Amino acid sequence: ELVPGVPPCALPICVIIFSPPRFFIPRCLLLPPTSAPPRYPPAAPQAKLNPSSSLFLWKKEALLSKMTARLEVMVTQGNVKKIDCDAYGITERNMWVQVKLGDKVEKTTVKEKTLDCVWEETFTFEVADPVTQKLEASFFMGEKQIGLTGSYSLESLKEGVSTYKGLAVPGGKIDLSLRALGFGKKEEEKKDDDGDWMSFV
């Protein structure tokens, strides 16, 4: 209100200043970020298996046997000391064996100037049908095949059990060992005779 006798410019002016409301900011948000602890406890480190260890080889074999049926063939040794080299026209006493299953063919190393040798070489074949497929084995002296090609059925093999097979050739024989992996007959568990005594009571 105007006061009589007092000019308006002399009146005091009250100015109310409104400041914006203050918000509390936690101090932790103003600090630079630091490495936070892991959300979950770290997993314990797993021990690495040695590729040459028996456990590693067992796991590898078990995994492969589940994936596909395979036949393991070992050509062990050969002895043809009684062969008549002149009668068969043998000029090179270099022994080797060829094994075949399906379209895959494998050959052993050549043992030179001998009629009695040891190979102990192993070959692996994939088996598509163990009922109809057969393994074939042939014996050679130099480039000449000696004797007939042997044929071996896979149907009677036991799973995981090595089975001896012999290839009869003039003057001797060749020893083979077959092992079914992922197929074949299951080996029957031996019954404990002591555990059956209750059946007689």
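Strands β5 and β6 pair in the antiparallel sense over two bridges. Pairing here requires at least two bridges between the strands in DSSP. Strands (E, at least two residues) and helices (H or I, at least four) are DSSP runs, numbered from the N terminus. The model is predicted, so local features need pLDDT of at least 70 and side-chain atom pairs count only at pLDDT 80 or more, while totals for chains, interfaces and linings use all residues. Residues are numbered from 1 along each chain as its sequence is written, and side-chain values use heavy atoms, with hydrogens and water left out.

The hairpin has two residues between its strands. G142 lies in the loop between β5 (134–141) and β6 (144–145). Its relative accessibility is 6%, so G142 counts as buried. Buried means under 20% relative accessible area, exposed means over 50%, and partly exposed lies in between (1.4 Å probe, protein chains only). Beyond its neighbours within four places in sequence, G142 is in contact with E92, N94 and W96. Contact means heavy atoms within 4.5 Å. N94 is 48 residues from G142 along the chain, yet the two C-alpha atoms are separated by 5.1 Å.

Strand β5 also pairs with β2 and β7. Six bridges join β5 to β2 (residues 95–101), and the two strands run antiparallel. In this pairing, F139 of β5 is the bridge partner of V97. Four bridges join β5 to β7 (residues 150–153), again in the antiparallel sense. Here K134 stands opposite S153 in β7. Six of the eight residues of β5 are buried, so the strand is largely enclosed by the rest of the structure.

S138 is found in strand β5. With a relative accessibility of 6%, S138 counts as buried. The side chain of S138 makes a polar contact with the side chain of T149, at 2.9 Å. A polar contact is a pair of N or O atoms within 3.5 Å; within protein, one must be able to donate a hydrogen and the other to accept it, and residues adjacent in sequence count only if both atoms are side-chain atoms. Not counting residues up to four places away in sequence, S138 touches W96, V97, Q98, Q145, T149 and L167.

A further strand, β3 (residues 104–107), contains V105. The relative accessible area of V105 is 38%, so this residue is partly exposed. V105 touches Q98, V99 and K100, leaving out residues up to four places away in sequence. V105 and F123 are 18 residues apart in sequence and 9.7 Å apart in space, C-alpha to C-alpha.

An open sheet of four strands has the order β4-β1-β9-β8, with antiparallel pairing. Its edge strands are β4 (116–126) and β8 (162–169), each of which pairs on one side only. Neighbouring strands of the sheet are turned by 20 degrees against each other on average, direction ignored. Axes are lines fitted to C-alpha atoms, for helices over the stretch in contact, and angles run from 0 to 180 degrees between N-to-C directions. Nine bridges join β1 (residues 70–79) to β9 (residues 172–181), and these strands run antiparallel. G78 stands opposite I174 in β9.

Overall, the protein chain holds two helices and nine strands. Along the sequence the pattern is α-α-β-β-β-β-β-β-β-β-β. Of the 201 residues of the chain, 26% count as buried. Among contacts with a separation of 6 or more, 60% come from residues 24 or more positions apart. The accessible surface of the chain comes to about 15700 Å², of which 56% belongs to carbon and sulfur atoms. Accessible areas come from the Shrake-Rupley method with a 1.4 Å probe; for residues, only the protein chains shown count as cover.

The structure holds zero disulfides. A disulfide is a pair of cysteine sulfur atoms within 2.5 Å. C85 counts as buried, at 9% relative accessibility. C117 also counts as buried, at 6% relative accessibility.
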